[in-house]
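User: Please examine the model shown below and discuss its strand pairing and its confidence.

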Amino acid sequence: MKHCKIISLILSLCLVFGMACVVSGAEAAGENQVVYFGNTQWVELEDGRLLAADVMEQIPFDASGLNDAWEGSDAQAWCEEYAAELFEGEQAVVESVEFLSKDDAEKLSSAMLKASAGWWLSTAYGTAEEKFVCAVSDAGLVGHLHVAKNHGVRPVIALDTGKIVLKSELYKN
């Protein structure tokens, strides 16, 4: 509980002074560091992007069932809305909010892919007429689902590393 108060204080100070703050804890998900950005826990990927540590909510990729492309999908709209709801200081350092591609997901260990529920990727699957999109099961297996099905949101964010204050030693005793 003490670390939560410290984290809250640091994040508040960063926001007051117009800086974004990523707080990195001693927790790890496999080989990857768990960090806190905004009110969300993220896992740092090898390329520097942050993947939500777990599924954030359930949505259809495209509620109309007609679009299997990332562009114009409900999934893309969710990411845009999430980015818009960040505090001003956080928005200043976020370069993008999106879903992982199938290729990116397949580079991660199955332990990294596991979550409390299955979650969408951004890659279409099959023919354009089928309207399937790649997805990850709660067990960490990559497959596909119809775009109109509800499935988890586990976004990945890219940050402007030139504008971030990183605190990595908070949890060490």
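Analyst: In this predicted model, strand β6 (residues 94–98) and β11 are paired in the antiparallel sense over four bridges.

User: In β11, which residue is the bridge partner of valine 97?

Analyst: Strands β6 and β11 pair in the antiparallel sense. Within β11, valine 97 has as its bridge partner isoleucine 157.

User: Why is strand β2 (residues 32–37) described as largely enclosed by the rest of the structure?

Analyst: Buried here means under 20% relative accessible area. Strand β2 is largely enclosed because the number of its six residues that are buried is five.

User: Which residue in the turn between β2 and β3 has a positive phi?

Analyst: Four bridges join β2 to strand β3 (residues 40–44), and these strands run antiparallel; tyrosine 36 stands opposite glutamine 41 in β3. The two strands form a hairpin with two residues between them. The positive phi, about 65°, belongs to glycine 38.

User: Over residues 1–29, under what value does pLDDT stay?

Analyst: The chain averages a pLDDT of 82, and 76% of the residues score at least 70. Where pLDDT is low, the predicted coordinates should not be read in detail. For residues 1–29 the model has 64 contacts beyond four places in sequence, yet pLDDT there stays under 50.

Technical notes: Residues numbered from 1 in each chain as written. Predicted model: local features only at pLDDT ≥ 70, side-chain atom pairs only at ≥ 80, totals over all residues. Heavy atoms only, no water. pLDDT = per-residue confidence, 0-100. Contact = heavy atoms within 4.5 Å. Buried < 20%, exposed > 50% of the residue type's maximum accessible area, 1.4 Å probe, protein only. Pairing = 2+ DSSP bridges.
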